[in-house]
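Please open the model in a viewer and keep the selection panel at hand. The stops below are to be taken in order.

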Amino acid sequence: ATLFGDEAAQVTDDRWLLQRIHPDDLPRVMPIPKEALANAETWSAEYRVRTAAGDYAEVLDRSFIVRDENGRAVRVIGAIQDVTAQNRTLRRLRESEERLALAQRAANVGVFDWDLVAGTAHWNAEMEGIYGLLPGSFDGNPDG
């Protein structure tokens, strides 16, 4: 509760979280626990949760199902982690990579990465084109 700006006393039951899951995420998230309780040991889901301030945090919800000797679910132990900052950073990184790749294509700049320890190399499509190879055909072998 405090992760999202509430006091523990405000959290009275499971409906508290269900009322805070983003409406667009709810249809995807709702079946996960029921399906997991029927035939899994764990579940994991990412979704958005409305904070007490009214904005949305992105969370990673992971749970483990404890079963009795007959395989009946008797307890669920879980944790919810705020992954908003990590996801924002990953989105920015992907956007930056996409802009770099676009600039390389526009300028027809060949780029390679040669790992001297592993003895492997990676060429981008422009580098392959400069050497007359089809995109994706360089096998990463420096001898090639």
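The tour passes from the sheet to its helices, then to the core, a loop residue and a hairpin.

This is a predicted model, in which local features need pLDDT of at least 70 and side-chain atom pairs count only at pLDDT 80 or more, while totals for chains, interfaces and linings use all residues. Residues are numbered from 1 along each chain as its sequence is written, and side-chain values use heavy atoms, with hydrogens and water left out.

**The sheet.** Select S1, S2 and S3, an open sheet of three strands in that order with antiparallel pairing. Strands (E, at least two residues) and helices (H or I, at least four) are DSSP runs, numbered from the N terminus; two strands pair if DSSP finds at least two bridges between them. S1 and S3 (73-82) are the edge strands, each pairing on one side only. On average, neighbouring strands of this sheet are turned by 25 degrees against each other, direction ignored. Between S2 and S3 there are nine bridges; Arg-67 stands opposite Ala-73 in S3.

**The helices.** Axes are lines fitted to C-alpha atoms, for helices over the stretch in contact (heavy atoms within 4.5 Å); angles run from 0 to 180 degrees between N-to-C directions.

**The core.** Select Phe-4, Trp-16, Leu-17, Ile-21, Val-29, Ala-45, Tyr-47, Val-49, Ala-57 and Val-59, the 10 residues of the largest nonpolar core. Such a core is a set of buried Ala, Val, Leu, Ile, Met, Phe, Trp, Tyr and Cys residues joined through side-chain atoms within 4.5 Å; buried means under 20% relative accessible area, with a 1.4 Å probe and protein chains only. Helix H1 (15-18), S1 (42-50) and S2 (56-67) each give two or more residues to this core, and S1 gives the most, with three.

**Thr-51.** Move to the loop between S1 and S2, where Thr-51 has its place. Thr-51 is buried, with a relative accessible area of 11%. Residues up to four places away in sequence aside, Thr-51 touches Phe-4, Arg-20 and Ala-57.

**The hairpin.** Finally, select S4 (residues 112-115) and S5, paired in the antiparallel sense over four bridges. Trp-114 has Ala-121 as its bridge partner in S5. Four residues lie between the strands of this hairpin, in which Gly-119 takes a positive phi near 75 degrees.

Conventions. Buried means under 20% relative accessible area, exposed over 50%, partly exposed in between (1.4 Å probe, protein chains only).
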